[in-house]
Amino acid sequence: LSFRSGLTHESHKKDVEQVYLRCSEGSIEWMYPTGALIVNLRPNTSPASFKHLTVCIKPFKDSAGANIYLEKTGELKLLVRDGDRSPRKVYCFGYDQGGLFVEATPQQDISRKITGFQYELMSKGIASDLHTVSAPCRPCSDTEVLLAVCTSDFVIRGSIQDVTNEEEEQESIIHVGVNRLYRQKSKVFQLTGESGNWRGQIKTLLECGVRPGDGDFLFTGRMHFGEARLGCAPRFRDFQRMYKEAKDKGLNPCEIGPD
């Protein structure tokens, strides 16, 4: 959703506009911001499920010209300050904690300002998986791996071709060569080159210290703001063991198909 509130019109300085968004994910781009916006997220789900939803927003890299607040019953809590350049930071809150109030800050030349951010609504369980504060790099248990196979946005068997570390953003990009594609929600992994090999990229935290290595892994994870984020990633031989043990006992939560 893209719109503008004007360049030089003084009458717009105190205008407050209401925006209603029905999609579970998308983006807002506010050009030449003046006045304020009230962003109402109204997903096409039952109101009874609202308490189980988390809202996450990710400001555009060069977003400027407005402060973003969490608003509930007239009370404002600052989420993103105008000019905050925290690299690729994501801000999350419970759907029932309030809505978004975006207020333009005084500018000498608003024609140079564009405020924008991506947003996503997701279940609180998925959000906690993506933003785990404690031990974000710990290995998954057998039960967690088997559940991840059933519930992840992507599940692939592949190898680590290379790892690119982005110090400023505190992230690592894992360049993956795909040997078997079990599932993907978005077309992150694609055929490339004349050889017809499947490849793709998965992001994780820099602190996890991922390095290139030999052998195959089972990569699972979630799509988050259009990027593949790493979840459980055991060595494939370890996954085969735990999957067979669970299947023999009738405890595997879902079938993944033949190797």
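User: Which hand does the link of C137 and C208 have about the S-S bond?
Analyst: In this predicted model, the link of C137 and C208 is left-handed, with -80° about the S-S bond. The disulfide that joins C137 to C208 has an S to S distance of 2.0 Å.

User: How many disulfides does the structure hold?
Analyst: The structure holds 4 disulfides. With the bonded cysteines of the protein chain numbered in sequence order, the pairing reads 1-2, 3-6, 4-7, 5-8.

User: What kind of bond is a disulfide?
Analyst: A disulfide is a covalent bond that connects the sulfur atoms of two cysteines.

User: Which cysteine does C56 pair with?
Analyst: C56 forms a disulfide with C92, and their sulfur atoms are 2.0 Å apart. The link of C56 and C92 is right-handed, with 105° about the S-S bond. This pair links distant parts of the chain: C56 belongs to strand β5 (residues 53-59) and C92 to strand β8 (residues 91-94), 36 residues apart.

User: Is C56 buried or exposed?
Analyst: C56 is buried, with a relative accessible area of 0%.

User: Next, C150. Which residue is it joined to, and what is the S to S distance?
Analyst: A disulfide joins C150 to C254, with an S to S distance of 2.1 Å. The link of C150 and C254 is left-handed, and the angle about the S-S bond is -100°. C150 is in helix α2 and C254 is in the segment after α3 (236-248), so this pair ties together parts that are 104 residues apart in sequence.

User: Why does C150 count as partly exposed?
Analyst: C150 counts as partly exposed because its relative accessibility is 24%, and partly exposed covers values between the limits for buried, under 20%, and exposed, over 50%. C254 is partly exposed as well, with a relative accessible area of 22%.

User: Changing topic: where is E29?
Analyst: E29 is placed in strand β3 (residues 25-31). E29 is partly exposed, with a relative accessible area of 28%.

User: What separates the C-alpha atoms of E29 and S63?
Analyst: The C-alpha atoms of E29 and S63 are separated by 8.9 Å, and the two residues are 34 residues apart along the chain.

User: And the chain as a whole: how many helices and strands are there?
Analyst: The protein chain contains 3 helices and 16 strands. Of its 259 residues, 40% count as buried.

User: What share of the contacts join residues at least 24 apart?
Analyst: Among contacts between residues at least 6 apart in sequence, 67% join residues at least 24 apart.

User: Last one: what does the accessible surface come to?
Analyst: The accessible surface of the protein chain comes to about 14,700 Å², and 48% of that surface belongs to carbon and sulfur atoms.

Note on methods. Residues are numbered from 1 along each chain as its sequence is written. This is a predicted model: local features need pLDDT of at least 70, side-chain atom pairs count only at pLDDT 80 or more; totals for chains, interfaces and linings use all residues. Side-chain values use heavy atoms; hydrogens and water are left out. A disulfide is a pair of cysteine sulfur atoms within 2.5 Å. Helices (H or I, at least four residues) and strands (E, at least two) are DSSP runs, numbered from the N terminus. Buried means under 20% relative accessible area, exposed over 50%, partly exposed in between (1.4 Å probe, protein chains only). Contact means heavy atoms within 4.5 Å. Accessible areas come from the Shrake-Rupley method with a 1.4 Å probe; for residues, only the protein chains shown count as cover.
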